[in-house]
Amino acid sequence: MTIPLHVWRNYRNLLARCNLKAEQEMIAFMQKIGGYKGREQETIDFAFALATKYGEAAAAAACEMYDAVAAASGVAVEAAAPAATATYGQVAKTVRGVSKASQNLEMLGGAVGRLVKQAGADTTLQNALRDGAQFAWVPSGDTCAFCITLASRGWQKASRDAIKNGHAEHIHANCDCTYAVRFNSSTNVRGYDPDKYREMYDGAEGNTPEEKINSMRRQAYAENKEEINEQKRDAYEKRKELNSSAAEEIDV
C-alpha cells in the first residue's frame with residue numbers, strides 16, 4: 001500500500017496549520033499586551049492555553065491518520081490514543097527560556113508552535129511503540145540538513161530510544177516535516193525515498209553526524225545564498241515591525 005501524495009499533504013498541512021495558528025495567536029497576543037516586560041504570568045497562561053488547544057487538535061489529527069493507516073493495512077489494533085499536551089511547567093520553562101534568550105516575539109511564537117507540533121509527533125510515536133509499528137521521518141519541501149539526516153534512517157521499529165522522556169525530542173520550530181507510520185514493509189508514503197536522503201548524508205563531508213550535518217548546511221547555503229539572504233532580510237524587517245508595534249503598545 002502506498003499512501004497517496006495528496007492524502008499525505010492534506011495531513012501534513014493540517015498539522016502545519018495547528019502549529020501556525022498557535023504561533024500567530026501568540027505573537028498577536030504579545031503585541032497586544034506590549035511584550036514580555038511585567039507580563040510573564042499572562043504570557044505563560046496564554047501560551048499554555050494555546051499549547052493545549054492546538055496541541056489537542058494536532059494529536060487528534062495524528063490519531064485519525066494512525067487509525068486510517070491501520071485500517072487500510074488490515075491490522076487489528078486499538079484506536080490510537082492522543083498524547084498528552086505540554087504541561088503548565090513545560091510551557092513556563094519554554095516561555096522563560098525564550099524571554100531570557102531574546103525579546104523577539106516571533107521566536108516565542110515558534111516555540112509555542114513547537115510544543116503543538118510535539119503533541120502530534122508524540123501521538124504517532126507512542127502509539128507505534130504500543131503496537132510494535134514502524135515509523136519514518138518524512139521531509140517536506142526544501143527541508144533542513146538535520147531533517148534530511150533523520151529521513152535517511154528510513155523506516156524504524158518504534159522503541160523507547162526514539163521517545164526520550166516520553167517525547168520526540170528532536171522536534172524543532174518552523175518545520176513541516178512529520179512522522180509516518182506503517183504496520184508492514186509493503187506500506188510507504190508516495191515520494192518518500194530514504195535511499196536518496198541516505199546518499200545525501202553519506203556523500204556529505206565529515207566523519208561524525210554533526211560534521212556531516214554542518215557540511216550539508218554549508219552546501220545548502222552556498223547553493224541558495226541569495227534566496228536565504230532575502231529570507232533573512234524579510235525576517236529582519238518583520239521583526240522590526242513586530243518590535244515597533246510592541247513599543248507603541250507600551251507607550252500607550
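Author: Contact here means heavy atoms within 4.5 Å. The model is predicted, so local features need pLDDT of at least 70 and side-chain atom pairs pLDDT 80 or more, while totals for chains, interfaces and linings use all residues. Residues are numbered from 1 along each chain as its sequence is written, and side-chain values use heavy atoms, with hydrogens and water left out.

Reader: What does methionine 30 touch, not counting residues up to four places away in sequence?

Author: By that contact rule, methionine 30 touches Gly35, Tyr36, Thr43, Leu105 and Leu108.

Reader: Why is cysteine 18 called buried?

Author: Buried means under 20% relative accessible area (exposed is over 50%, partly exposed in between; 1.4 Å probe, protein chains only). Cysteine 18 has 8% and is therefore buried. Cysteine 177, with a relative accessible area of 2%, is buried because of the same cut-off.

Reader: How many disulfides are there?

Author: A disulfide is a pair of cysteine sulfur atoms within 2.5 Å. By this rule the count is 0.

Reader: What makes a nonpolar core, and which residues touch the most other members of the largest one?

Author: A nonpolar core is a set of buried Ala, Val, Leu, Ile, Met, Phe, Trp, Tyr and Cys residues joined through side-chain atoms within 4.5 Å. The largest has 67 residues, of which Trp8, Met26, Met30, Leu108, Trp137 and Tyr192 touch the most other members. Helix 2 (residues 40–73) gives the most to this core, with 13 residues; a helix is a DSSP run of H or I, at least four residues, numbered from the N terminus.

Technical notes:
Helix = DSSP H or I, 4+ residues; strand = E, 2+ residues; numbered from the N terminus.
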